[in-house]
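Open the model in your viewer and keep the selection panel at hand. We will go from stop to stop, selecting a few residues or helices at a time.

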Amino acid sequence: MDAWKKEALIEAGIDVDDVLGRFMGNEALLSRFLKKFLDDANYGKLLQAITERDADAAVAASHTLKGVCGNLSMTGLYDLLTRQVAALRDGNWDAAAGLMPEISQAYETIVLAIQRSA
C-alpha cells in the first residue's frame with residue numbers, strides 16, 4: 001500500500017495495521033472491503049431513522065454500521081456508534097440523536113479518504 005494512501009486512511013480514523021492483521025496482510029482484500037463500505041446502506045438508514053424518530057430502525061442501522069466499522073477498524077466511528085447504540089437501548093433519544101453531527105463528520109471523513117485512496 002502506498003504510504004500516502006495508508007496515511008490518508010489512518011488520518012480518517014482507520015487503524016490500517018489492525019485491519020490488515022485481520023485480513024492477514026492482504027491489501028487487495030482490504031481495498032475491496034473499503035470499496036464495499038461505500039455501498040453500505042446503513043448510514044443512510046440511520047439518517048432516515050433519526051429524522052423519522054424511529055428508535056427501532058435507528059438501533060438496527062447504528063448497530064449494523066457499528067459492526068462493519070469494527071470489522072474494518074474504523075475506530076473513531078465505531079466508538080461513536082457504540083455510544084449511540086447504548087443510548088438508544090437505554091431509551092435516551094436525545095443523546096443518541098445528539099451524536100449524529102459527530103457520526104456524520106467521522107463517516108464523511110472516512111468516505112472521502114476511501115474515495116481518494118481507491
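Start by selecting Met-74, which counts as buried because its relative accessibility is 0% (buried means under 20% relative accessible area, exposed over 50%, partly exposed in between, with a 1.4 Å probe and protein chains only). Met-74 sits in the loop between α5 and α6; helices here are DSSP runs of H or I with at least four residues, and strands are runs of E with at least two, numbered from the N terminus. This is a predicted model, in which local features need pLDDT of at least 70 and side-chain atom pairs count only at pLDDT 80 or more, while totals for chains, interfaces and linings use all residues. Residues are numbered from 1 along each chain as its sequence is written, and side-chain values use heavy atoms, with hydrogens and water left out.

Now show what surrounds Met-74. Leaving aside neighbours within four places in sequence, Met-74 is in contact with Gly-13, Ile-14, Leu-34, Phe-37, Cys-69, Ile-110 and Ile-114, where contact means heavy atoms within 4.5 Å.

Ser-73 is buried, with a relative accessible area of 3%. Its phi is near 55°, a positive value in a residue other than glycine. Most residues other than glycine have a negative phi.

For another positive phi, jump to Met-24, where the angle is about 55° although the residue is not a glycine. Met-24 is in the loop between α2 and α3. Is Met-24 buried or exposed? Met-24 counts as exposed, because its relative accessibility is 78%. Gly-25 lies in that loop between α2 (16-22) and α3 too, and at 49% relative accessibility Gly-25 counts as partly exposed.

Next, select helix α8, residues 100-117. Its 18 residues reach 25 Å from the first C-alpha to the last, close to the 26 Å expected at 1.5 Å a residue; the expected span is 1.5 Å times one less than the number of residues. Colour the buried residues of α8: Met-100, Ile-103, Ser-104, Ala-106, Tyr-107, Ile-110, Val-111, Ala-113, Ile-114 and Ser-117. An α-helix has 3.6 residues a turn, so residues three or four places apart point the same way. What covers the buried residues of α8? The cover includes α1 (3-11), α3 (27-39), α4 (42-51), α6 (75-89) and α7 (93-98).

Stay in α8 and pick Ser-117. Ser-117 counts as buried because its relative accessibility is 12%. Apart from neighbours within four places in sequence, Ser-117 is in contact with Trp-4, Lys-5 and Leu-9.

The axes of α3 and α8 come within 10 Å and cross at roughly 130°, with axes fitted to C-alpha atoms over the stretch in contact and angles running from 0 to 180 degrees between N-to-C directions. The two helices are therefore oblique to each other (under 35 degrees counts as roughly parallel, over 145 as roughly antiparallel, 65 to 115 as roughly perpendicular and the rest as oblique). Leu-34, Lys-35, Phe-37 and Leu-38 of α3 make the contact with Tyr-107, Ile-110, Val-111, Ile-114 and Gln-115 of α8.

On the α4 side, select Tyr-43, Leu-46, Leu-47 and Ile-50; they meet Met-100, Ile-103, Ser-104, Tyr-107 and Glu-108 in α8.

For the last stop, keep α4 and show helix α5, residues 55-71: their axes come within 8 Å and cross at roughly 155°. The pair α4 and α5 is therefore roughly antiparallel. Select Asn-42, Tyr-43, Lys-45, Leu-46, Ala-49 and Ile-50 in α4, which meet Ala-57, Ala-58, Ala-61, Ser-62, Thr-64 and Leu-65 in α5.
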